[in-house]
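Dear colleague,

Please read the notes with the coordinates open beside them.

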Protein chains: 2
Amino acid sequence: MFQLHPRLEADTFSVCQLTLCEVRLMDDQRFPWLILVPRRADITEVHQLSLEDQQQLMIESTLASKVLEQQSQPDKINVAALGNVVSQLHWHVVARQQSDSCWPGPVWGCGERQPYPEDASTALCSALQRRFHDV
Amino acid sequence: MFQLHPRLEADTFSVCQLTLCEVRLMDDQRFPWLILVPRRADITEVHQLSLEDQQQLMIESTLASKVLEQQSQPDKINVAALGNVVSQLHWHVVARQQSDSCWPGPVWGCGERQPYPEDASTALCSALQRRFHDV
């Protein structure tokens, strides 16, 4: 049975549920950063998903990319599945600005996470929920 | 018209052509590292591809992941589209070992690229070509 990995749960906020994935917001105010977690048990690699699930993941990744573009007008979207630390398959969609503190390097392993103030994360999750609904 | 970006051409070797993508081997012997470049002009983001092309990219990414698993029995496959340095859309498929010099961090921005000796890259490209043919 699918259960969100405790480390992912601790580092992120719930945004919404899509057909395949839970959408979470990374608690790091340096980057608008969504994490899509397919609700499939015991999967660690994208290529372990069924073809149908892979194709749904692409649809949901595109949705998340468009939501972040609308929300923060980034210079670039980075998408990735790494999983070197938390093995449960999770898909990063990160809005990057050329002015952000890790540009042009990747966000993973760059500096320290900067958690949102509580009211800011609540407001951002609500704004993102509305965009996922409308996009 | 699609033309491979000169920086990608300089840093990689040709492996084969798939339906959508050129498959290239990154010239870095630290990691078995494939780069898939969709033959589509003026595309910088995965979500700019048509739905059909996105789904083909997933099929070819899975193929590349399985080829790398057969070739090098990695602990993990990392897949990503970053494009912060070279904007032409290119898809990384990287075989990672827990013993590699960047683990558990990402390969991008980690240390210096270590080019293959010429005979090693030729032999590896041939081996990979055979695996793409057979997989």
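In this predicted model, helix 2 of chain B, which spans residues 51–72, and helix 3 of chain B, which spans residues 118–134, have axes that come within 10 Å and cross at roughly 125°. Because an angle between 115 and 145 degrees counts as neither roughly perpendicular nor roughly antiparallel, helix 2 of chain B is oblique to helix 3 of chain B. The crossing of these two helices is right-handed, and the contact is formed on the helix 2 side by B:Leu63, B:Val67, B:Gln70 and B:Gln71, and on the helix 3 side by B:Ala127, B:Leu128, B:Arg131 and B:Phe132. Sorted by class, the residues of this contact comprise 5 nonpolar, 2 polar and 1 charged.

Helix 2 also takes part in a contact between the chains: the axes of helix 2 of chain A, residues 51–72, and helix 2 of chain B come within 9 Å, with a crossing angle of roughly 125°. That angle makes helix 2 of chain A oblique to helix 2 of chain B, and the crossing is right-handed. Here A:Gln54, A:Gln55, A:Met58 and A:Thr62 of helix 2 of chain A meet B:Gln54, B:Gln55, B:Met58 and B:Thr62 of helix 2 of chain B. The residues in this contact between the chains divide into 2 nonpolar and 6 polar, with no charged residues.

Definitions and conventions. Residues are numbered from 1 along each chain as its sequence is written. Chains are lettered from A and ligands numbered from 1 in the order in which they are written. This is a predicted model: local features need pLDDT of at least 70, side-chain atom pairs count only at pLDDT 80 or more; totals for chains, interfaces and linings use all residues. Axes are lines fitted to C-alpha atoms, for helices over the stretch in contact, and angles run from 0 to 180 degrees between N-to-C directions. Helices (H or I, at least four residues) and strands (E, at least two) are DSSP runs, numbered from the N terminus. Angles under 35 degrees count as roughly parallel, over 145 as roughly antiparallel, 65 to 115 as roughly perpendicular and the rest as oblique. A crossing is left-handed if the near helix is turned anticlockwise from the far one by less than a right angle, and right-handed if clockwise. Two residues are in contact if their C-beta atoms, placed from the backbone, lie within 7 Å. Ala, Val, Leu, Ile, Met, Phe, Trp, Tyr, Cys and Pro count as nonpolar, Asp, Glu, Lys and Arg as charged, and the others, Gly among them, as polar.
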